[in-house]
Amino acid sequence: MADKGDGQVAAQVDRELTSKEAPEVARKRWIGVLARADQDATEELWAALGRTDAYTVIRGPEQGLVMVRGRAGGTGRAFNLGEMTVTRCTVRLAGGAVGHGYVCGRRPEHAERAALIDALMQLEDECQVVDAQIIGPLETVEEKRRASRSCKSAATKVDFFTMVRSE
Amino acid sequence: MSGLAQQEYFAGFGDPVHEAQACFRSLMEAMSRPGSIVEVDGPCEVPAPLSPVMASVALTLCDYETPIGLVGELRSDAVAGYLRFHTSAPVVDDLTEAAFVFLPNVSALPDLGTMRPGTASYPDKSATIVIDAGSFGTGLDVDLSGPGIETHVCFSATGLDAPFWRHAQANHERYPLGLDIIFCGPNAIAALPRSTKIEA
């Protein structure tokens with residue numbers, strides 16, 4: 001219990017530090033959340049926010065392939081895991097703020113929406129509302145999904161030590 | 001425009017596929033008929049001092065495999081950022097590495113020997129120079145002849161003086177090696193491939 005509490009505090013401190021000291025780290029977090037989020041969930045939260053911001057599309061939405069690389073065990077040498085389709089888009093709000101959106105698959109509308117949300121997150125007056133109403137909820141959904149998947153795969157884990165003859 | 005300390009972004013082609021195709025068609029026409037003036041539209045917003053026509057040429061021809069060299073006033077963060085953002089092409093300082101060299105005017109032209117002319121086995125590995133020529137039909141008249149020209153054609157553009165044409169003729173004499181040149185006007189382009197002979 002105590003351990004979990006400390007972890008939460010540490011995470012909170014960590015988040016405060018990142019948002020104050022390194023804006024690009026904070027931005028990485030929400031662009032990542034938007035990239036991994038479900039399109040329908042994003043659209044639903046966006047509709048609930050009820051915004052109609054004027055913006056110009058600077059680039060895209062355009063589709064392409066990116067090579068996903070991984071490291072065995074997180075520490076080994078980098079290897080190419082495979083290619084995935086990605087849609088990206090860049091928009092500029094009437095005020096000049098620029099947002100980038102990268103999402104997986106061929107989903108131009110989703111990429112444009114993610115870019116628009118990123119642009120709004122650049123605005124000091126808007127970022128807290130957008131963070132609380134879109135990024136936060138999407139992050140919660142993602143954490144739940146991750147937890148449930150880890151839980152399911154943990155249930156199928158085979159512990160080879162139990163296979164040693166016990167007699 | 002924005003109070004942010006980061007790079008300013010400008011939109012590229014509104015309809016990337018068709019606008020790039022139309023520009024490519026114009027470039028083909030200009031290259032295959034040296035000295036002829038072919039109309040080209042540019043994207044509506046570009047960072048100064050890049051001209052819309054030059055931006056159009058860059059967005060059509062450049063990609064991640066074509067290093068870009070920028071000369072003179074074009075060597076700015078705004079222009080380099082714009083080209084990198086829209087074309088993914090690397091912007092290089094060393095002109096011998098560049099596949100495309102962009103010049104704001106003829107007087108900024110470096111020694112042609114500093115740009116790659118291709119090799120005997122691969123003459124296509126040469127650089128293409130894109131020059132903002134101001135306007136066509138003003139300046140020193142020269143006669144062009146060679147492939148793509150029935151007899152000869154009279155050509156001139158702002159700033160193209162006798163020394164420039166001497167360099168251009170020397171470039172022609174290295175054929176099949178050499179550089180190809182694209183001139184950008186306010187709303188049109190003209191081309192001078194290495195195969196074209198120049199007479200004052």
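# Two chains, term by term

Me: H2(A) passes H4(A) in a right-handed crossing. What makes a crossing right-handed?
Reply: The near helix is turned clockwise from the far one (left-handed: anticlockwise, by less than a right angle). H2(A) and H4(A) cross in the right-handed way. This is a predicted model, where local features need pLDDT of at least 70, side-chain atom pairs count only at pLDDT 80 or more, and totals for chains, interfaces and linings use all residues. Residues are numbered from 1 along each chain as its sequence is written, while chains are lettered from A and ligands numbered from 1 in the order in which they are written.

Me: Why are H2(A) and H4(A) called roughly antiparallel?
Reply: Helix H2 (residues 23-36) and helix H4 (residues 108-121) of chain A pack at about 160°, and their axes are 10 Å apart. The axes are lines fitted to C-alpha atoms over the stretch in contact, with angles from 0 to 180 degrees between N-to-C directions. Over 145 degrees counts as roughly antiparallel (under 35 is roughly parallel, 65 to 115 roughly perpendicular, the rest oblique). So the two helices are roughly antiparallel.

Me: Which residues of H2(A) and H4(A) meet?
Reply: Trp30(A), Ile31(A), Leu34(A) and Ala35(A) of H2(A) meet Ala114(A), Ile117(A), Asp118(A) and Met121(A) of H4(A). A contact needs C-beta atoms, placed from the backbone, within 7 Å. By class, seven residues here are nonpolar, none is polar and one is charged. Asp counts as charged, as do Glu, Lys and Arg; Ala, Val, Leu, Ile, Met, Phe, Trp, Tyr, Cys and Pro are nonpolar, and the others polar.

Me: Why does Thr156(A) count as exposed?
Reply: Thr156(A) counts as exposed because it has 6 C-beta neighbours inside 10 Å. The limit for exposed is 12 or fewer (20 or more is buried, in between is partly exposed). Thr156(A) sits in the segment after helix H5 (127-155) of chain A. In chain A, 24% of the 167 residues are buried.

Me: How do you know that S1(A) and S2(A) pair?
Reply: Two strands pair if DSSP finds at least two bridges between them. S1(A) and S2(A) have 14 bridges, in the antiparallel sense, so they pair. One bridge joins Arg71(A) to Ala78(A) in S2(A). Their hairpin has six residues between the strands, and Gly73(A) there takes a positive phi near 70°. S2(A) also runs antiparallel to strand S3 (residues 98-104) of chain A, over seven bridges. Val91(A) has Gly99(A) of S3(A) as its bridge partner. Gly96(A), in the four-residue turn of this hairpin, has a positive phi of about 110°.

Me: What counts as a helix or a strand, and how many has chain A?
Reply: Both are DSSP runs, numbered from the N terminus: helices (H or I) need at least four residues, strands (E) at least two. Chain A has five helices and three strands, in the order α-α-α-β-β-β-α-α from the N terminus.

Me: What makes S7(B) and S10(B) edge strands?
Reply: In chain B, an open antiparallel sheet of three strands has the order S7-S6-S10. Strand S7 (153-155) and strand S10 (197-199) each pair on one side only. Strand S6 (residues 142-145) joins S7(B) through three antiparallel bridges.

Terms used: Two residues are in contact if their C-beta atoms, placed from the backbone, lie within 7 Å.
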